[in-house]
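Here are some notes to go with your first look at this model. Please keep the structure open beside them as you read.

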Amino acid sequence: MLFYFRARHLFRPFRLTTCLLLLICSCLSAVCTRRQFIWKMSRAGLSCPGCGSSNIVDDNLYCQSQLVCVDCGSVVSEGALVAADDHVGGSDVSYSRSTAVAKKPCMNLIKGIQRVKAICRILRVNSGIEDLSQTYYNLAYQHESFIRVSLQKKEVLAGCCVLVCCRLLNWPITMGTISCLLDADPMVVGMVYQEMVKILNIEPPIINVTEVMEAHSLEYKITSLHVPEEYAETSKDLTKRAVSLVELAADSWIVTGRKPIPIMMAAIYLSWQSLKPNKHRLKCSLEKFCQIAKVNKHRPASKRITEMKKVLCKLGNEIPWVREAVTPDNVVRQVEDILKHRYALLRRALRTHEEALLVECQASCEDSLTEEAAPTQSSALVEQNPNASSVEQCELNAERAQRPGDGDDNPCTVSELHTDIQESQYPTPNWGKRVLFAPPCVTHPRKKRRVEQPELKDVTGDEEISDSEIDSYIRTPREAQEFILTQQLFYESEQS
Amino acid sequence: MDSSNDEALDIIITNVVATFRTRCHLNLRTIALEGTNVIYKPEVGKVLMKLRKPKITASIWSSGKIICTGATSEDDAKLGARRLARLLQKLGFKVRFSAFKVVNVLAVCSMPFAIHLIDFTKNNRPIASYEPELHPAATYRIKHIKATIQVFSTGSITVTGPNVQNVATAVEQVYPLLFECQKPRYK
């Protein structure tokens, strides 16, 4: 045993604890019975690789069990450094949890909030909107539909938060402005906006074009600071006139269903021309105007200008002191007068239109009366015969023409009367042809009017498909062969 | 149909989409080879087959699932589907017509009055939503019958729903709401 002690001492660094341990071990083993000692001495079947002796003992050093050769002291094998049952009572902790630090706020969230602040500063909104948009951004960002989207979409989300807060707190801006600021596709902005509104359960008010007009007109750099005197105009005058133009356009079916920005652009262009209709301005096209004002031209704006000019011409022709006919070329000079007296002119135009229709009807009436019996008053003529409907129209017109004229009526009352009567009729196919103002999709219908198709009565589905018909669906074997050959030919010719 | 007016509204069904299964694997190359009026799309993995009577386009997948579109009524869709199954039988596949289901119905309807969309949306928030910058129509979604109605300012509406009955119910439900927001046409 002393032998053993000495051998260990040779190959291990001397330490007090080791020494003590060994001393204790040796004492203990001395106290142990002979049989135990023999067990300690020999490990069955093992031989030391160094000296070849079979004197291998099991030893615990620093809680590590080892097989040691007594003769030369070399370690034959060793066990685990830490025994498995030494950790009774402790729990398994994963690596990530053991190395975790305190949770830091998400960097992208912080950047997003800074972007929200930046957008608010650019738009120069008040602090209430800025705070509210940051709150909304925080909420929306953490939601599951936005936490994992791309960074570009998160930026769009920032813009949408600002947009919704502006709408809620009465500072209307358009989606077009936001998509310009973010340099993003307006459709993507729209999608993100709608999803965000759904998630956050907000009900923003719908903005009117007239409300946005002021903010929009500020974009046009057309004041005397930016351009020469013959082109300059104050933003206030421009806005005022453009708003009246847009209201007129709204009454005549130009605004409904159209994108607001081209309408606003057309209104501002026409109001700019009409505020000082000198030859410089009248010669200036929309494209040149956009270049002067440093805005991007929208293609639909030219169409809106044409439509607005048409409406203005219809009203312009009613002005009593204008002798010549008003055409789209010379209507700009009359715009100021038209807008000032627009309600009166509208009433006059409607009356003229009705009288024209009445004359037309009466002419066709005289032709058709010989063929058909005279119809009864207003209600239910069920057939869609155009003659019948126009005759009815004549009756109604005659009735209305007898009523007192102008007064202080709003055109609304005239039209309400008309719809009351009209509701009891069968709906006529194209009301666009009969009224003064109608949306273009009704005046020039591109699609054929849909009618109920008669159901197929002769097909049950379970019947045998006749030979002639089956030929149109299935190729004969010969045709199939030819098809394969032709395909191969094409393939080869493409390859070569 | 409507209790509020004497006239009847014409609801015209423009498209019915239905699916069914053939319970057997279909070899798309055989169909493409031996069938006329077919378009084979190997990149997607389907064959498009057009029937003349009734006028239907079918997308056929090799798993045996078939989608039929273009029918103008639910019965038409079923007839067309059965015809198609018959045709595939003739081509040599062991087809068994099963699991027929109408998935979507699209209908249009025209109101005899124009509608003021902004008022309509204000009265029916949050079920209705209107963004003029994105789409010219206001969208009205009825959750419990799973129907979506697109309302245009000219008075036309389009309705989509899972079957014809739901579509009719949706129109009946939305008519009074549209009636109170009507705009005089005569301006």
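How many of the 187 residues of chain B, as a percentage, count as buried?

1. In chain B, 52% of the 187 residues count as buried, where buried means under 20% relative accessible area, exposed over 50% and partly exposed in between (1.4 Å probe, protein chains only). Chain B has 4 helices and 12 strands; helices (H or I, at least four residues) and strands (E, at least two) are DSSP runs numbered from the N terminus.

2. A word on conventions. This is a predicted model, in which local features need pLDDT of at least 70 and side-chain atom pairs count only at pLDDT 80 or more, while totals for chains, interfaces and linings use all residues. Residues are numbered from 1 along each chain as its sequence is written, chains are lettered from A and ligands numbered from 1 in the order in which they are written, and side-chain values use heavy atoms, with hydrogens and water left out.

3. Now to helix H11 (residues 209-217) of chain A, whose buried residues are A:Val209, A:Val212, A:Met213, A:His216 and A:Ser217. These residues lie on the same side of H11(A), because they cover an arc of only 130° around the axis (taken from the directions from the helix axis to the C-beta atoms). They pack against helix H12 (235-251) and helix H13 (260-275) of chain A.

4. A:Leu218 sits in the loop between H11 and H12 of chain A. With 59% relative accessibility, A:Leu218 counts as exposed. Its C-alpha atom is separated by 8.8 Å from that of A:Thr239, 21 residues apart along the chain.

5. Next, look at H13(A) and helix H15 (residues 286-293) of chain A: their axes come within 11 Å and cross at roughly 90°. (Axes are lines fitted to C-alpha atoms, for helices over the stretch in contact, and angles run from 0 to 180 degrees between N-to-C directions.) H13(A) is therefore roughly perpendicular to H15(A), a term for angles of 65 to 115 degrees. The contact (heavy atoms within 4.5 Å) is made by A:Met265, A:Ile268, A:Tyr269 and A:Trp272 of H13(A) and A:Leu286, A:Phe289 and A:Cys290 of H15(A). By class, this contact of H13(A) with H15(A) has 7 nonpolar, no polar and no charged residues; Ala, Val, Leu, Ile, Met, Phe, Trp, Tyr, Cys and Pro count as nonpolar, Asp, Glu, Lys and Arg as charged, and the others, Gly among them, as polar.

Notes: Angles under 35 degrees count as roughly parallel, over 145 as roughly antiparallel, 65 to 115 as roughly perpendicular and the rest as oblique.
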